[in-house]
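Me: I have a model open and want to learn how to read it. Can you take me through it feature by feature?

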Amino acid sequence: MAIDLKKLSNAKVKAAITALQKGDEKTWFPLFAAEVAFYDDGNQMKFNNFFKKALGHERFTSIDKVENNGLEVYGHFHSDQWGDFKTFFKFQLNKEGKIERLDIGQASY
């Protein structure tokens, strides 16, 4: 299912969400800093382990709103394992333009 990515105003976030939607590991992982901090519903997780399992099995089904200069994305989400729910992805970039922190979780809005 294709979604409208035009709402994504930050180029790095747009690249990450596009890679997520396609399950594209070769594009996804290089967007992130080597020591990326990753949190799922506030719990620190191992980024590489999580996304090696998630890519190709999890994706946005709609993007409902984008905030914080394009770094926070909210929308409906599908996980083959967990079903359908509202979620957020909050990105932080370092000085080199790599994503150094990603917070994801269930959203209520």
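Me: Where is the place of E58?
Reply: E58 belongs to strand 3, residues 58-67. Bear in mind that this is a predicted model.

Me: How far from E58 is the nearest side chain of opposite charge?
Reply: That side chain is R59, 8.3 Å away. A salt bridge needs a side-chain nitrogen of Lys or Arg within 4 Å of a carboxyl oxygen of Asp or Glu. E58 has no salt bridge, although E58 is buried.

Me: Which side chain joins E58 in a polar contact?
Reply: The side chain of S79 does, at 3.3 Å.

Me: How do I read a pocket?
Reply: Start with the general idea. Rolling a probe the size of a water molecule over the atoms shows where empty space is left. Here the largest pocket holds about 410 Å³ of space.

Me: Which residues lie nearest the centre of the largest pocket?
Reply: D40, F50, E58, Q81 and W82. They are part of a lining of 21 residues. Helix 3 (47-54), strand 4 (72-79), strand 5 (83-93) and strand 6 (99-106) each give two or more residues to that lining.

Me: Which element gives the most to the lining of the largest pocket?
Reply: Helix 3, with 4 residues.

Me: How many residues of that lining are nonpolar, polar and charged?
Reply: The lining of the largest pocket has 8 nonpolar, 7 polar and 6 charged residues.

Me: Next, salt bridges. How many does a search of the whole structure find?
Reply: The search finds 4 salt bridges. Take R59 and D80 as one of them: their side chains meet at 3.7 Å, N to O. This pair links distant parts of the chain, 21 residues apart. R59 sits in strand 3, and D80 in the loop between strand 4 and strand 5.

Me: Are R59 and D80 buried or partly exposed?
Reply: Check the relative accessible area against the cut-offs. Buried is under 20%, exposed is over 50%, and partly exposed lies in between. R59 has 24%, so R59 is partly exposed. D80 has 45%, so D80 is partly exposed too.

Me: With which residue does K65 form a salt bridge?
Reply: With E67. Their closest N and O atoms are 3.7 Å apart. K65 is partly exposed because its relative accessibility is 28%. E67, at 34%, is also partly exposed.

Me: How far apart are the closest N and O atoms in the salt bridge of R101 with D103?
Reply: They are 2.7 Å apart. R101 counts as partly exposed at 26%, whereas D103 is buried at 15%.

Me: Now the backbone. Which residue has a positive phi of about 55° although it is not a glycine?
Reply: N68 has that phi. N68 lies in the loop between strand 3 and strand 4. Its relative accessible area is 42%, so N68 is partly exposed.

Me: What is phi of N69?
Reply: Phi of N69 is near 55°, again a positive value in a residue other than glycine. N69 is also placed in the loop between strand 3 and strand 4. N69 is exposed, because its relative accessible area is 71%.

Me: How do I relate sequence separation to distance in space?
Reply: G105 and D41 are 64 residues apart in sequence, yet 4.4 Å apart in space, C-alpha to C-alpha. L5 and S79 are 74 residues apart along the chain, and their C-alpha atoms are separated by 19 Å. L5 is in the segment before helix 1 (11-22). L5 counts as buried because its relative accessibility is 19%, and the cut-off for buried is under 20%.

Me: Where does G105 lie, and is it buried or exposed?
Reply: G105 lies in strand 6. Its relative accessible area is 4%, so G105 is buried.

Me: How far is the backbone oxygen of G105 from a polar atom of the side chain of T87?
Reply: The distance is 2.7 Å. T87 is found in strand 5. T87 counts as buried, because its relative accessibility is 2%.

Technical notes: Residues numbered from 1 in each chain as written. Predicted model: local features only at pLDDT ≥ 70, side-chain atom pairs only at ≥ 80, totals over all residues. Heavy atoms only, no water. 1 Å grid on protein atoms, 1.4 Å probe; cavity = no way out; pocket = protein on both sides within 12 Å on 5 of 7 lines; lining within 4 Å. Points joined across faces, edges and corners; volume = space filled by probe spheres on them. Nonpolar A, V, L, I, M, F, W, Y, C, P; charged D, E, K, R; others polar. Buried < 20%, exposed > 50% of the residue type's maximum accessible area, 1.4 Å probe, protein only. Lys, Arg positive; Asp, Glu negative; His and termini not counted. Polar contact = N/O pair within 3.5 Å; in protein donor to acceptor, adjacent residues only side chain to side chain.
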